[in-house]
Amino acid sequence: MSQLAMNHCGSEQDDGKYAGRPLLLVGNPNVGKSLLFTRLTNTYVTVSNYPGTTVEMTTAVAEIGDEKRSIIDTPGINSLLPQSQDEIVARDLLLREKDIDVMQVGDIGNLRRTLLLTLQLSEYAVPFVVALNMADELRGMDAGPDVVALSQAVGVPFVSVSALRRWNIGKLKLALESACRGSMAVSYPRAVEEGIVAVRDALELHAPFIANRGVALAILAGDVTLRPLLTASCPASVLAKLDDLRAAVQSQLARPLSTLISHARVATVDELLATMQRKSASHVDGLRDRIGRLCMHSFYGIPILLGVLALAWLLVGKIGAGTLVDLMQKHVFEHGINPWTIRLIDWLAPFPHKHVVTGGVITAAYAGHASGFWGNVARTFHDLLVGPYGVVTMAITYAIAIVLPVVVTFFTFFGLLEDSGYLPRLAVILHRGFRKIGLNGKAVLPMVLGLGCDTMATLTTRILDSKKEATIVTLLLALGVPCSAQLGVILAMLAPLGITATLIWVMVTLATIVLAGWAASRVVPGEPGDFVLEIPPMRVPRLSNIAIKVAARTEWYLKEAVPLFIVGTLLLYGLDATGALKFIQRLLGPLIIGGLGLPAEATNAFVIGFLRRDYGAAGLYAMQRAGHLTPNQVVIALTVITLFIPCIANLLVMLKERGARMGWAIAGFIVVYSFGIGVVMNAAFKVLGVVL
Amino acid sequence: MIHAASDEVLERLWYAAEEARAVTLPGDLRLDADGVDLNAVLDSLIAEGFVQFGPGYCLSPAGAKRARGIVRRHRLAEVLFTQAFGTNLRDAEVSACEMEHMLSESVVDRVCAFLGHPPVCPHGKPVPAGECCRIYSSSVQPLIRRATELPVGATATIAFIAPKTLSRIDRLAAFGIVPGSEIRLIARNPSCVIGCGSSSIALDDDIGREIYVRSVA
């Protein structure tokens, strides 16, 4: 849940509107590009301790020297031979933008991987500098690599920095002025070198801007992801020639070209590292390493996972959905804001009516009639704000009192999880299980992210290597993973029902995920991708980062959800005022009353559930609190709303990412399935005589 | 050809002895003779002192030594083709039948070491131990094995990577996982995790098995 939410200023919208000479941040995943971006531009982007936090470009302006320059944050790449969609995006930007500088961000503790990318940037002939980040993590007396020697060997400035502790950020900005093309080069076998020259000659005429060594090597290596770029700029004859060249070079070699090229690169980097005379930092097995290993241990990993879940329950379920919701709803809203607002509106827009008073507190429900034009105006105004479907008494109360506390506590918990480096370890634990539903451990990241926000998680499916997995994860997210806002309401509703009801809800939801995944893995065509996931070191989460992250995400929630809550309330008000609501309730009656066994009033919840299912859940919560739902009904309604489409935004992202056909297919399936399961549950409760 | 035929007969006699089966008639060899006069081959083997005829045909000590070498080559070849090259068992067997006649003893010992002195062939029959196996018997450290077969925590050098798809090579190379690199097996369960340089990388078991490593001496 990152850039899209926070910054609606992705590069897609403002092409060609860069300030100054743009600077592209590139680097391996999880090396702190986003944090460095934040430091350079003072613009917040989500920062976590797992690869794949950034899936979109983010642009912001920084002052470097005397000029303002656009800085572009990119998803992490392992190599310039891209393997997944987010890597392609980063590589293409590198090729398409002609007048750019690049800042490679690398992990100072992982020079080998950093230099592998440095080498490729040299081959791509872009002017760049290298920021060796995380200098604060070098252990004790380890002085770190010799940046001067590195600068000389590669031919571009190297600066060791710590984005976290703001070390050397000024020095890095200075170094940017001497960004230049790298001189680090690999000597490939003669046949390859000749091939490079031939490919560059072939490209020179039609696509001079990509006629560099790096692109030539990618073409020789058979990089299919370059196709769109090549077909856009070169005639078919040139494409055919490139294919011939590649075949000609390959025929002279014993090993596949791509293998030969990537291995030659590693060998060159290893040679350079050997000359650096750095004692191969003998691996010190610290406490963090041991904790990290325990988290993905086949035995101890399970109690740790249960512990993490217990922490989630304690923080989100108990403190968030319990204490804080109680405080906000009862004390702040029902006894404070709402009565005061109702009195204020009654005074501003008087018409003869009397509010229902429960327990000495004035509520939105009222009895009374307005007459005359001004009376009706006053009543409309009154109802819009403080009626049963009023913006204050319904939308704001739900959004702030019920959902917000849960969102904040969930984001806090989730921030701890993200920054500690636990999530990739969870992927290791769940990998084999996920294989059974056509996914691999990598899919754990978007799935867990979905507990925060399904919309953002759907975007994160870009880190998955295969379309098949992205499709399955999109389906499972929309179907079975409740987002934090909804989860909070659900937890609050389950709390008074006890363990059996909770277990039924959990089991139905989990079984749905497993079954839907299992079935989808057989229906969706394609092969599951390879599971190759870097495990970052465990890190102690920094409270300041978590606080910033929670604040940013909460702000996003307020901006994203509250307007929709208000729209939903106005919609309900409109439907109610025009009598359409009664009509819909009658129309859906057979399904809601007959099929699900719920009161007609529950239709309202499902109507607004189309906008956001957490709002729908909040509506059910209000009904439960008013004593309009039996425990059986609560569990059925909860399960249906859990499995329902998350929200309008999620639907839109689904259509955008998966295409209209697949998007609608998923949405259609979910609507039918969620109500179907509710009908089945209702019937099963009746037949088995279950009374919760 | 006669040479190969006599090898086949010796091999069959070894199998018969393994199964404690008497060979009283050439037919008991269960050898698809294909026009070769087995009686003549047996006679010449008796004349050369490789086969004895007591109550039935059996191997002399010299014959047993030769047969042992043939069976060893055959079964090692089967292991080589199935485990290192991923050939299916039937193809492996056909090729093993050819290889059993030609490798020198020192080459066989190297193949044996390469494979980690396997005790049994893919069919589960014992591979006759060679001199190399006896030397290594105290520390059964195969020279080449799959990364997933390393003891957890052990370090080894990548000998070669035999991936199902070529793109895996590039993907692994991006993490510095190439032949010659040193890797550490951090965990085998619940998923394979290897350390390379300062990176820890979780891998599919499939991919882990495609990485062949040589233990660091």
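Beyond its neighbours within four places in sequence, L305(A) is in contact with L426(A) and I429(A). The model described here is predicted. L305(A) belongs to helix α13 of chain A.

Helix α13 of chain A spans residues 301-348. Its partner in a helix pair is α14 of chain A, residues 372-386. The two axes come within 10 Å. They cross at roughly 170°, which means that α13(A) is roughly antiparallel to α14(A). From α13(A), the residues T341(A), I342(A) and I345(A) take part in the contact. They meet H382(A), L385(A) and V386(A) of α14(A). Four residues of this contact are nonpolar, two are polar and none is charged.

Two strands of chain A, β7 (residues 353-358) and β8 (residues 361-368), are paired with each other. They run antiparallel and are joined by five bridges. In one of these pairings, T358(A) has V361(A) of β8(A) as its bridge partner. Together the strands make a hairpin, with two residues between them. In the turn, G359(A) has a positive phi of about 55°. How many of the six residues of β7(A) are buried? The number is zero, so β7(A) lies largely in the open.

Chain A is divided into three parts: domain 1 (3-176), domain 2 (190-265) and domain 3 (308-688). For domain 1 of chain A and domain 2 of chain A, the C-alpha centres lie 27 Å apart. Domain 1 of chain A gives 13 residues to the contact, and domain 2 of chain A also gives 13 residues. On the side of domain 1 of chain A that touches domain 2 of chain A, α3 (85-96) and α4 (111-123) of chain A each supply at least two residues. The largest share of that side comes from α4(A), with four residues. By residue type, the side of domain 1 of chain A that touches domain 2 of chain A has nine nonpolar, one polar and three charged residues.

Chain A also contains an open sheet of six strands. The strand order is β2-β3-β1-β4-β5-β6, with mixed pairing. The edges are held by β2 (58-64) and β6 (158-160) of chain A. Each has a single partner strand, so one side of each is left without a neighbour in the sheet. From one strand to the next, the twist averages 25°. Within the sheet, β1 (residues 23-27) and β3 (residues 67-73) of chain A pair in the parallel sense. Three bridges connect them. The bridge partner of L24(A) in β3(A) is I72(A).

Helix α2 of chain A, residues 33-41, touches β1, β2, β3, β4 (101-107) and β5 (128-133) of chain A. The direction of α2(A) makes about 160° with that of β3(A). Helix α3(A) lies across β1, β3 and β4 of chain A. The angle between α3(A) and β1(A) is about 140°.

Technical notes. Residues are numbered from 1 along each chain as its sequence is written. Chains are lettered from A and ligands numbered from 1 in the order in which they are written. This is a predicted model: local features need pLDDT of at least 70, side-chain atom pairs count only at pLDDT 80 or more; totals for chains, interfaces and linings use all residues. Axes are lines fitted to C-alpha atoms, for helices over the stretch in contact, and angles run from 0 to 180 degrees between N-to-C directions. Angles under 35 degrees count as roughly parallel, over 145 as roughly antiparallel, 65 to 115 as roughly perpendicular and the rest as oblique. Two residues are in contact if their C-beta atoms, placed from the backbone, lie within 7 Å. Ala, Val, Leu, Ile, Met, Phe, Trp, Tyr, Cys and Pro count as nonpolar, Asp, Glu, Lys and Arg as charged, and the others, Gly among them, as polar. A residue is buried if 20 or more other C-beta atoms lie within 10 Å of its own, exposed if 12 or fewer, and partly exposed in between; C-beta atoms are placed from the backbone. Two strands pair if DSSP finds at least two bridges between them. Domain bounds come from an automatic or database domain assignment.
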